[in-house]
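Notebook open, model loaded. I want to go through the helices and then the pocket.

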Amino acid sequence: EKQLGPEHPYVATSLNNLAGLLKDQGKYGEVEPLHRRALDIREKQLGPEHPDVAQSLNNLAELLRAQGKYSEVEPLFRRALEILEKKLGRDHPNTQTVRRNFEQMRADM
């Protein structure tokens, strides 16, 4: 943040990585703000339809799914899938990962 500024896309990547570590440690309360900030940075800096935005949407959705907040999860997965199908195609591995996560969430409900 000191070198690149608080809104740089690399900062968003670092926030996502830190959030993943904290999620693995079960520190959900600390994770959500990091994912939301990363998403905000990516939307502002890369545009709302960038594949990295879809990654942030997926990460936030996976966190909320782990907490059982299903009503908040579905719109995030749907938006992430829409972005990835448009930008990368239906058969791209990233698209398939988000689709599997979405389908798993629906099976959990």
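Predicted model: local features only at pLDDT ≥ 70, side-chain atom pairs only at ≥ 80, totals over all residues.

I started with H2, where Val 31, Glu 32, Leu 34, His 35, Ala 38, Leu 39, Ile 41 and Arg 42 are buried. Buried here means under 20% relative accessible area, exposed means over 50%, and partly exposed is in between, with a 1.4 Å probe and protein chains only. Helices are DSSP runs of H or I with at least four residues, numbered from the N terminus.

Residues are numbered from 1 along each chain as its sequence is written, and side-chain values use heavy atoms, with hydrogens and water left out.

Back to H2. I looked up what its buried residues pack against, and found helix H1 (9-24) and H3; contact means heavy atoms within 4.5 Å. I checked the length too: H2 covers residues 28-46, and its 19 residues should span 27 Å at 1.5 Å a residue, which agrees with the 26 Å between its end C-alpha atoms. The expected span is 1.5 Å times one less than the number of residues. After H2 comes Gly 47, with a positive phi near 100°.

Next I went to the loop between H3 and H4, where Gly 68 sits. Gly 68 is partly exposed, at 38% relative accessible area.

Then H4, residues 70-87. Which residues of H4 are buried? I get Val 73, Leu 76, Phe 77, Ala 80, Leu 81, Ile 83 and Leu 84. Seen down the axis of H4, they fall within an arc of 165°, so they line one face of the helix; the arc is taken from the directions from the helix axis to the C-beta atoms. They pack against helix H3 (51-66) and helix H5 (93-108). On the face turned away from the buried side I found Ser 71, Glu 82 and Lys 86 exposed. Gly 89 follows H4, and its phi is also positive, near 100°.

Last, the lining of the largest pocket. H3 gives the largest share, 6 residues, and both H3 and H5 supply at least two. Leu 84 is one of the lining residues, and I noted above that Leu 84 is buried in H4.

Terms used:
1 Å grid on protein atoms, 1.4 Å probe; cavity = no way out; pocket = protein on both sides within 12 Å on 5 of 7 lines; lining within 4 Å.
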